[in-house]
Amino acid sequence: MEIGKGERELAVKKVVIEEGVTSIAAHAFHGCENLESIVIPYSVTRIGHCAFYECESLRQVDIPDKVAVIEDYTFCGCNMEKIKLPPNLKKIGYRAFYGCRFKQISIPASVETIEAKAFEDAYKLEKVTWEGKSRLREIKTGAFRDCNIKKLTIPASVTKIQDSTAVNGACAIKVEKGNKKYKSKDGVLFSKDGKILICYPRKRKAKTYKIPKGVRTIGESAFDYMVEKGYRHLKKITMPDSVRVIKSHGFDDLADVKIERLSKNLKRIEKDAFIGCDIMSLKLPDSLVYIGDLSFGNISGTLVIPKNVKEIGYHAIAVPPKVKKVVIKSKKLKSLSKKAFTWNTKVTFVLPKSKKTAYKKIFTNKRLGKKMKFIYK
């Protein structure tokens, strides 16, 4: 027997489902904004997706022991303050508890997967407890984003954290002893070998951070800071010369943060790496080979593209009103996006004379704008 959409009443405040019902249909109580209390019997084995979506007055739910999956959006938009998860739960679905208001949650040892954005924007969530010996394997994008977790522990069983946003809604991250994929240092998450900086927690309150020597890659969204959320503790980052790659969104939206210099061995700056950053003075290292799409925002002075760069992506260096001259030192450039330099001001490009024939096909007013001037020397 199933409770379906046809049986709901938007004005109802309390529901008691009879024993014998085995399933609550998808969207069964969707939008019942006055629903304050519901009793779900032990006989229920499945609760469909969006079943309690936007039940804004619902404060507490005990989920029956036989339910194995919290499906997508099940409690999304509820202002729930307490939740009891079943002991045999296997998966917590996409946005299952998005925006809920509980301060703590205990996750059963049986849970293997936490889907994307499962607890995103649960801004009152301060404590996550793992029951027994956790069998959790995967935490997906945004799962604990914009929470307020004091210390988020990654169980030893976890083998995949999709990206930084999966766990960055914390003040600190700790990895259980015995985890074979990850480790933490000073509350920051790294790959086990320490070569990839995976996540700098958004709410870490230090004003400065020195990236450890040996880190070779700044991972995707590693410093996904979201200034508009008010996370403004960090003021300065020091980068070691071991860093070779900055992945997509690596230093996203660090508007108030000073990055002292780039690694002298940096080879790749990938898509959106410094998007939203106010980098007013930047020297690109000679080791650099690739500058990806939308890599930089505001720069000033003379921009020098170093000697080994082979590719510059779409809108790679966007709208820098104070740049008057660009010096292209590289003689190896093979690919330049039509909108690599999206400027509306008059800019002079200084290009290597030995590459005049080849670069005339790449650097043209038609591709870069009518106000561009080209000098070969």
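Let's start with Arg261, which is partly exposed at a relative accessible area of 42%. On this scale, buried is under 20% relative accessible area, exposed is over 50%, and partly exposed is what falls in between, using a 1.4 Å probe and protein chains only. Keep in mind that this is a predicted model, where local features need pLDDT of at least 70 and side-chain atom pairs count only at pLDDT 80 or more, while totals for chains, interfaces and linings use all residues. Residues are numbered from 1 along each chain as its sequence is written, and side-chain values use heavy atoms, with hydrogens and water left out.

So what does Arg261 pair up with in a salt bridge? Its partner is Asp241, at 2.8 Å from N to O; a salt bridge here is a side-chain nitrogen of Lys or Arg within 4 Å of a carboxyl oxygen of Asp or Glu. Arg261 sits in the loop between strand 24 (258-259) and strand 25 (268-269), and Asp241 in the loop between strand 22 (236-238) and strand 23 (245-246), so the pair ties together parts 20 residues apart in sequence. Strands are DSSP runs of E with at least two residues, and helices are runs of H or I with at least four, numbered from the N terminus. Asp241 is partly exposed too, at 22%.

Next up is Glu270, which counts as buried at 16% relative accessibility. Glu270 forms a salt bridge with Lys247, their closest N and O atoms being 3.9 Å apart. That pair links distant parts of the chain, with Glu270 in the loop between strand 25 and strand 26 (290-291) and Lys247 in the loop between strand 23 and strand 24, 23 residues away. Lys247 is partly exposed at 34%. Glu270 also bridges to Arg268, with closest N and O atoms 3.1 Å apart, and Arg268 is partly exposed at 33%. Elsewhere, Lys91, Glu115 and Lys140 join up in a salt-bridge network. The whole structure has 11 salt bridges.

Now for the nonpolar cores, meaning sets of buried Ala, Val, Leu, Ile, Met, Phe, Trp, Tyr and Cys residues joined through side-chain atoms within 4.5 Å. The largest has 60 residues, and those touching the most other members include Phe52, Ile107 and Phe144. Strands supplying at least two residues each to this core include strand 10 (104-107) and strand 12 (127-130). Ile107, leaving aside neighbours within four places in sequence, is in contact (heavy atoms within 4.5 Å) with residues including Leu85, Ile92, Phe119 and Trp130. Apart from this core lies another, of 51 residues, with Ile211, Ala222, Leu262 and Val323 among them.
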